[in-house]
Amino acid sequence: MAIRIRTARPGSRLTSREIDVLRLLSRGFTYMEIGKQLGISVHTVTSHIKKSYRKLGAHSAAEAVTLAADLHLLDRTKDG
(Lines give C-alpha, C1' and ligand atoms only; values in the text may rest on other atoms or scores of the structure.)
Protein backbone atom coordinates (compact mmCIF):
# COMPACT_ATOMS: atom_id res chain seq x y z
CA MET A 1 0.00 0.00 0.00
CA ALA A 2 1.50 3.30 -1.09
CA ILE A 3 1.35 6.35 1.12
CA ARG A 4 0.39 9.48 -0.70
CA ILE A 5 1.86 12.75 0.50
CA ARG A 6 -0.21 15.83 -0.22
CA THR A 7 1.33 19.16 -1.04
CA ALA A 8 -0.24 22.51 -1.74
CA ARG A 9 -1.52 22.82 -5.24
CA PRO A 10 0.50 25.26 -7.33
CA GLY A 11 -1.43 28.43 -7.97
CA SER A 12 -3.78 27.87 -5.04
CA ARG A 13 -2.96 30.81 -2.87
CA LEU A 14 -4.42 31.42 0.52
CA THR A 15 -5.79 34.89 1.19
CA SER A 16 -4.32 36.94 4.00
CA ARG A 17 -7.53 36.39 5.99
CA GLU A 18 -7.32 32.60 5.52
CA ILE A 19 -3.74 32.75 6.76
CA ASP A 20 -4.81 34.87 9.76
CA VAL A 21 -7.44 32.26 10.63
CA LEU A 22 -4.95 29.36 10.28
CA ARG A 23 -2.38 31.23 12.36
CA LEU A 24 -4.86 31.66 15.21
CA LEU A 25 -6.05 28.08 14.82
CA SER A 26 -2.43 26.94 15.13
CA ARG A 27 -2.24 28.78 18.46
CA GLY A 28 -5.18 26.83 19.84
CA PHE A 29 -7.93 29.42 19.50
CA THR A 30 -11.49 28.13 19.04
CA TYR A 31 -13.57 29.20 16.04
CA MET A 32 -15.52 31.55 18.33
CA GLU A 33 -12.32 33.09 19.71
CA ILE A 34 -10.91 33.49 16.18
CA GLY A 35 -14.10 35.26 15.13
CA LYS A 36 -13.95 37.64 18.07
CA GLN A 37 -10.26 38.35 17.52
CA LEU A 38 -10.77 39.11 13.81
CA GLY A 39 -14.18 40.74 14.10
CA ILE A 40 -15.94 38.13 11.95
CA SER A 41 -18.68 35.57 12.56
CA VAL A 42 -18.08 31.93 13.43
CA HIS A 43 -19.73 31.10 10.08
CA THR A 44 -17.13 33.21 8.28
CA VAL A 45 -14.31 31.55 10.23
CA THR A 46 -15.67 28.15 9.17
CA SER A 47 -15.85 29.31 5.56
CA HIS A 48 -12.23 30.51 5.60
CA ILE A 49 -11.10 27.21 7.10
CA LYS A 50 -13.00 25.14 4.52
CA LYS A 51 -11.48 27.18 1.70
CA SER A 52 -8.03 26.71 3.23
CA TYR A 53 -8.55 22.93 3.41
CA ARG A 54 -9.48 22.84 -0.27
CA LYS A 55 -6.57 25.02 -1.38
CA LEU A 56 -4.05 23.05 0.69
CA GLY A 57 -5.53 19.62 -0.02
CA ALA A 58 -6.04 19.06 3.71
CA HIS A 59 -8.70 17.00 5.47
CA SER A 60 -8.30 18.26 9.03
CA ALA A 61 -7.34 21.36 10.95
CA ALA A 62 -4.09 19.77 12.07
CA GLU A 63 -3.17 18.87 8.49
CA ALA A 64 -4.05 22.35 7.20
CA VAL A 65 -1.96 24.03 9.91
CA THR A 66 0.95 21.65 9.28
CA LEU A 67 0.90 22.24 5.52
CA ALA A 68 0.63 26.02 5.98
CA ALA A 69 3.56 25.92 8.42
CA ASP A 70 5.61 23.78 6.01
CA LEU A 71 4.98 26.44 3.35
CA HIS A 72 6.11 29.13 5.84
CA LEU A 73 2.72 30.85 5.60
CA LEU A 74 2.38 31.12 9.37
CA ASP A 75 5.81 32.70 9.87
CA ARG A 76 4.70 36.23 9.10
CA THR A 77 3.96 38.40 12.09
CA LYS A 78 1.09 40.80 12.10
CA ASP A 79 1.38 44.33 13.45
CA GLY A 80 -0.92 45.20 16.29
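Here are some questions and answers on how the terms used for this predicted model follow from its values.

Q: What makes the pairing of K55 with E18 a salt bridge?
A: The closest N and O atoms of K55 and E18 are 3.0 Å apart. The cut-off is a Lys or Arg side-chain nitrogen within 4 Å of an Asp or Glu carboxyl oxygen, so the pair qualifies.

Q: Why is the pair R23 and D20 called a salt bridge?
A: Here the closest N and O atoms are 3.3 Å apart; the limit is 4 Å, so this pair counts too. The structure holds two salt bridges. R23 and D20 both sit in helix 1, three residues apart, which is about one turn of the helix. Both R23 and D20 are buried.

Q: How do you know that helix 1 is mostly covered?
A: Count the residues with under 20% relative accessible area, the cut-off for buried: eight of the 11 residues in helix 1 are buried. Among them are I19, V21, L24 and L25. The cover over the buried residues of this helix includes helix 2 (31-38), helix 3 and helix 4 (61-70).

Q: Why are helix 2 and helix 3 described as roughly perpendicular?
A: Their packing angle is about 105°, and their axes are 8 Å apart. Angles of 65 to 115 degrees count as roughly perpendicular, so helix 2 is roughly perpendicular to helix 3. In this packing, Y31, M32, I34 and G35 of helix 2 meet V42, V45, T46, I49 and Y53 of helix 3. By class, the contact has seven nonpolar, two polar and no charged residues.

Q: Which residues touch the most other members of the largest nonpolar core?
A: They are L22, I34 and L56, in a core of 19 residues. Helix 1, helix 2, helix 3 and helix 4 are the elements giving two or more residues to this core, and helix 1 gives the most, with five.

Q: What is L22 in contact with, leaving aside its neighbours within four places in sequence?
A: Contact needs heavy atoms within 4.5 Å, and on that basis L22 is in contact with L14, S52, L56, A64, V65, A68 and L74.

Terms used: Residues are numbered from 1 along each chain as its sequence is written. This is a predicted model: local features need pLDDT of at least 70, side-chain atom pairs count only at pLDDT 80 or more; totals for chains, interfaces and linings use all residues. Side-chain values use heavy atoms; hydrogens and water are left out. Helices (H or I, at least four residues) and strands (E, at least two) are DSSP runs, numbered from the N terminus. Buried means under 20% relative accessible area, exposed over 50%, partly exposed in between (1.4 Å probe, protein chains only). Axes are lines fitted to C-alpha atoms, for helices over the stretch in contact, and angles run from 0 to 180 degrees between N-to-C directions. Angles under 35 degrees count as roughly parallel, over 145 as roughly antiparallel, 65 to 115 as roughly perpendicular and the rest as oblique. Ala, Val, Leu, Ile, Met, Phe, Trp, Tyr, Cys and Pro count as nonpolar, Asp, Glu, Lys and Arg as charged, and the others, Gly among them, as polar. A nonpolar core is a set of buried Ala, Val, Leu, Ile, Met, Phe, Trp, Tyr and Cys residues joined through side-chain atoms within 4.5 Å.
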